Amino acid sequence: MLDDEKCAPYYLESSNFADRCLPTILLEAVSSIGSVLDSVNGTLKTPTNSNITSSNVADLFGTAAKYFLELQSTASVIYEDVVGSWWLILTFMGVSMLVALLYIILMRWFAGIIVWVMIFGTFALLGWGIYYCWKQYYELENIEGSDAAVAFTTDLNSYLRLQKTWLAFGITFCAILVILLLLTLCLCNRIRVAIALIKEASRAITHMLSTLFWPLFPFLLQLIVLSLWAAIALYLASAGAATYITAAVPDDDAYNLTNGSDCTKDVSNVKVQHNH
């Protein structure tokens with residue numbers, strides 16, 4: 001059964017911990033560490049000056065195990081979704097490629113309009129962001145606890161309930177908007193040159209559409225190399241046990257061995273050739 005790989009060659013004893021089945025050896029290791037920490041209680045401290053005890057270690061281990069198992073479950077769900085919807089992913093990739101091609105062709109006639117719309121659209125989004133940040137800042141002014149100090153926490157929503165968060169966002173958006181405005185004013189001529197180059201590039205691509213499909217060839221070559229590497233790695237990982245044959249058997253051999261016959265590595269007084 002073991003040789004046919006129908007049964008596991010070994011198993012690990014499991015125990016219940018945080019509503020999960022975990023190897024008992026890990027739990028015993030945590031228990032041993034906890035015993036050591038209890039024996040030196042008061043010596044080891046955290047950055048907040050609290051004692052490190054066995055309960056702290058157990059809680060930390062339980063939290064780490066919980067996050068690891070949740071991550072494993074999430075990865076399994078993502079893999080199943082990709083396997084079940086691979087055709088849909090390829091379809092949308094093809095549609096996106098056609099949309100990108102249409103966009104490149106349209107840039108031949110509308111490059112100037114598209115570039116300036118994108119630039120002023122960026123300014124509009126930053127302006128709206130500044131307005132929204134200041135609005136949230138003043139709405140939180142009379143709410144208790146909104147002026148508390150910023151502290152590290154895994155609850156990201158708690159940051160949105162602080163005035164300082166929205167103040168920082170607003171100042172950041174203001175700085176980005178001012179910088180982009182100054183760059184636009186200083187580089188107007190360069191932007192016009194860039195628009196002209198985009199139009200010429202679009203004309204060139206419409207006359208050489210084959211260049212759009214060229215990136216597929218390096219991708220296919222890389223895929224072939226990776227497949228070859230995976231095949232060789234699997235071949236090496238699944239290689240069987242080493243075999244030994246007899247060679248240069250003396251005429252007065254007392255074991256009745258013949259050249260080329262199978263033997264074990266421990267055969268005495270026989271020259272052994274090791275074949276991989």
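## A guided tour of the predicted chain

Of the 276 residues in the protein chain, 16% count as buried, where buried means under 20% relative accessible area, exposed over 50% and partly exposed in between, with a 1.4 Å probe and protein chains only. The model is predicted: local features need pLDDT of at least 70, side-chain atom pairs count only at pLDDT 80 or more, and totals for chains, interfaces and linings use all residues. Residues are numbered from 1 along each chain as its sequence is written, and side-chain values use heavy atoms, with hydrogens and water left out.

**Whole chain.** Begin with a cartoon view, coloured by secondary structure. The protein chain has 7 helices and 5 strands; helices (H or I, at least four residues) and strands (E, at least two) are DSSP runs numbered from the N terminus. Along the sequence the pattern reads β-β-α-α-α-α-α-α-α-β-β-β. Among contacts between residues at least 6 apart in sequence, 47% join residues at least 24 apart, a contact being heavy atoms within 4.5 Å. Switching to a surface view, the protein chain exposes about 21800 Å², of which carbon and sulfur atoms supply 67%; accessible areas come from the Shrake-Rupley method with a 1.4 Å probe, and for residues only the protein chains shown count as cover.

**Nonpolar core.** Select M107, A111, I114, V115, I119, F123, L126, I130, L177, I191 and I195, the 11 residues of the largest nonpolar core. Such a core is a set of buried Ala, Val, Leu, Ile, Met, Phe, Trp, Tyr and Cys residues joined through side-chain atoms within 4.5 Å. Helices α3 and α5 each supply at least two residues of this core, and α3 gives the most, with 8 residues. Next, centre on A111: apart from its neighbours within four places in sequence, A111 is in contact with L106, I195, I198 and K199.

**Aromatic pairs.** Show the rings of Phe, Tyr and Trp (its six-membered ring), which pair if their centres lie within 6.5 Å; planes under 30 degrees apart count as stacked, over 60 as edge-to-face and the rest as tilted. The count comes to 8 aromatic pairs. One of them joins W128 and Y132, a stacked pair at 5.4 Å centre to centre with 15° between the planes. These two residues, W128 and Y132, are 4 apart in helix α3 and so are separated by about one helical turn. W128 is exposed, at 54% relative accessibility, whereas Y132 is partly exposed, at 33%. Move on to W134 and Y137, whose ring centres are 5.9 Å apart with planes at 85°, so this pair is edge-to-face. W134 and Y137 also lie in helix α3, 3 residues apart, about one turn of the helix. W134 is partly exposed, with a relative accessible area of 29%.

**Salt bridge.** Which residue forms a salt bridge with R203? Select E200, whose closest N and O atoms to R203 are 2.8 Å apart. The count comes to 1 salt bridge, defined as a side-chain nitrogen of Lys or Arg within 4 Å of a carboxyl oxygen of Asp or Glu. E200 and R203 are 3 residues apart in helix α5 (residues 188–207), about one helical turn. E200 is partly exposed at 48% relative accessibility, as is R203 at 30%.
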